[in-house]
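Trainee: I would like to go through this structure with you, one topic at a time. May we begin with the charged contacts?

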Amino acid sequence: MSLSTALSIAQSALMNTARQTSVVSRNVADASSPDYTRRIAVVTSTAPGARSVDIQRVANDLLFRQNLSALSAYSGQNALYSGLDQLDVSVNGVDNASSPSTAIGNLQQALQLYATSPSNQNLGSSVIDAAKQVVRSLNEGSRAIQDFRTQTDGQIATAVDDLNSLLSQFQDANKAVISGTRSGTDVSDALDQRDALLKKISDYVPVSTFTRGDNDMVITTGDGTTLFETIPRTVSFAPSSGYSAGTVGNALYIDNVPISAGTGGNTSASGELAGLLQLRDGVASTMQSQLDETARGLITAFAETAPSMPNAAGLFTWSGAPAVPAAGTLVNGLAGTISVNAAMDPSVGGNPALLRDGGANGAAYVVNTGGASYSSLLVAYGDRLDQPMTFDPAAGISATSSVADYAANSIGWLQGVRQQASTAADAKQALASRSAEALSNATGVNVDQEMSLLLDLEHTYQASARMMKTVDDMLAALLSAVG
């Protein structure tokens, strides 16, 4: 082997080692970044010597897709669970302290106490106060639900803006990948950026990808709707300024295809947007219906009756009074408008004794003519709260039960959904964490391995340097001999 060949080999080895060292150093520097994929310098042997040919990312498409799917599932589940927690506290209070069920229980106790001493007008006033608390819990619960729907609507609008921004950023990253691939330059950083954006996009909607020539990527949603192909598809949504009971929220579209809301406590929602739609149009609307049916049941239970006269609203009244809402038929927004009959409210000049005697709707409805000691009507009202009546099955719970049980079942329904959502959120979070860990183990940086490789490269560098020193000495001796 000639001295020039030996020198060429040593120079190539030094250049190769420098390139490999640079790659290893970059790996160590970015080891803590969750979006960084380990690089390796692929070396091929040539004559004379060896040189670094290419820098490659240690990617694993299968694990990456599994991680994207797990992220979408957890994001949708977490959106649902967080919203359920907020709704529970807003409507029912801590430990159900301000729930309609608790207020109805207090009303029953006040009625029973009044029935034991019907001549005591202070006890009559206490019943009216308890009824006002029932009304307050229904009114405020209804308002809290519609405020929550408005807030959720705003969250959807913000998420849509974020998703459109991410798709725009993805377009820039995808262009960089295509351009670099065509020119033969290193596109590792652009690929990392593109993958990081895919993770963020999958938080909002489930994604599926495939790669075409020049590393050009196409994104579709879980149901096959195109989300990105060369350019981003439009994600559109028109937010509402406010909500009322029975109002249907606006649809959310990707490329003019509507996104479906999730269903169930272990929600089918994949991605935050489907979870938010389920909260706004599913859970919150169902809770509103249950409050409205509770209010209708109370109006019915305390309605005044009279021979040859239609039933008329008694202790609890509404905008359609004196008529009583039809049995088993949901009246949207009733919980927000139910009130205590002013004829029985002493704070506005009413007489609580009308609850004991009847007659809030005129003399024809007077039941007790025997004096202040008679409690039969009070006992009858208390019994009606525990008697089965028909409720609209569209509200999501038992169609036949007492008012008191119906209000309690409403809490049970919400707690049941919350429990399912909590269990599913824990499971889906664990899956997302495990898939991320598996992806990191396969494509991430192990600092110990990189430092060991760096030590090997140091030894290679030293050997190449000694070779160059040897060649230099030999050339010097040759020149000296010639001289």
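Predicted model: local features only at pLDDT ≥ 70, side-chain atom pairs only at ≥ 80, totals over all residues.

Trainee: Which residue forms a salt bridge with arginine 57?

Mentor: Aspartate 192 is the partner, and the closest N and O atoms are 3.0 Å apart. The pair links distant parts of the chain, with arginine 57 in strand β2 (residues 50-57) and aspartate 192 in helix α5, 135 residues apart.

Trainee: Is arginine 57 buried or exposed? And what about aspartate 192, buried or exposed?

Mentor: Arginine 57 has a relative accessible area of 18%, which places it under the 20% limit for a buried residue. Aspartate 192 is buried as well, at 7%.

Trainee: Which residues are linked with Arg57 and Asp192 in a network of salt bridges?

Mentor: The network also includes Arg26, Arg39, Asp189 and Asp195.

Trainee: Where does helix α5 lie?

Mentor: Helix α5 covers residues 188-204 and lies across β3, β4 and β5, running at about 10° to β4.

Trainee: In what order do the strands of that open sheet come?

Mentor: The order is β3-β4-β5-β6, four strands with antiparallel pairing. Strands β3 (207-211) and β6 (231-232) stand at the edges with a single partner strand each, so one side of each has no neighbour in the sheet.

Trainee: How many bridges pair β4 with β5?

Mentor: Three bridges pair strand β4 (residues 217-221) with strand β5 (residues 226-229), in the antiparallel sense. Within that pairing, valine 218 has glutamate 229 of β5 as its bridge partner.

Trainee: Back to the salt bridges. Which side chain meets that of lysine 132?

Mentor: The side chain of aspartate 345 does, in a salt bridge of 2.9 Å from N to O. Lysine 132 lies in helix α4 (residues 121-183), whereas aspartate 345 is in the loop between β13 (339-340) and α8 (353-357), so the contact ties together parts that are 213 residues apart in sequence.

Trainee: How does lysine 132 count in terms of relative accessibility? And is aspartate 345 buried or exposed?

Mentor: Lysine 132 counts as partly exposed, because its relative accessibility of 21% falls between the limits of 20% and 50%. Aspartate 345 is buried at 9%.

Trainee: Which residue forms a salt bridge with aspartate 281?

Mentor: Arginine 149 does, with the closest N and O atoms 3.5 Å apart. Aspartate 281 is partly exposed at 32%, while arginine 149 is buried with a relative accessible area of 2%.

Trainee: At what angle do α4 and α6 pack?

Mentor: They pack at about 165°, with their axes 10 Å apart. That makes α4 roughly antiparallel to α6, because angles over 145 degrees are counted that way. The crossing of the two helices is left-handed.

Trainee: Where is the place of arginine 280, and which residues is it in contact with?

Mentor: Arginine 280 is in helix α6 and counts as buried, at 1% relative accessibility. Leaving aside its neighbours within four places in sequence, arginine 280 is in contact with Arg149, Thr152, Asp153, Ile156, Phe237, Tyr243, Gly249, Asn250 and Ser285.

Trainee: There is another open sheet, with three strands. In what order do they come?

Mentor: The order is β7-β8-β9, again with antiparallel pairing. Strands β7 (235-237) and β9 (257-258) stand at the edges with a single partner strand each, so one side of each is left without a neighbour in the sheet. Helix α4 packs on this sheet and touches β7 and β8, its direction making about 160° with that of β7.

Trainee: How many bridges join β8 to β9?

Mentor: Two bridges join strand β8 (residues 252-254) to β9. The bridge partner of tyrosine 253 in β9 is proline 258.

Trainee: One last topic. In which strand does threonine 400 lie, and which residues does it touch?

Mentor: Threonine 400 lies in strand β15 (residues 400-401) and counts as exposed, at 53% relative accessibility. Not counting residues up to four places away in sequence, threonine 400 touches Pro388 and Met389. The C-alpha atoms of threonine 400 and methionine 389 are separated by 5.5 Å, although the two are eleven residues apart along the chain.

Key:
Residues numbered from 1 in each chain as written. Heavy atoms only, no water. Pairing = 2+ DSSP bridges. Contact = heavy atoms within 4.5 Å. Axes fitted to C-alpha atoms, helices over the stretch in contact; angles between N-to-C directions. Salt bridge = Lys/Arg side-chain N within 4 Å of Asp/Glu carboxyl O. Buried < 20%, exposed > 50% of the residue type's maximum accessible area, 1.4 Å probe, protein only. Parallel < 35°, antiparallel > 145°, perpendicular 65-115°, else oblique. Left-handed = near helix turned anticlockwise from the far one by under 90°.
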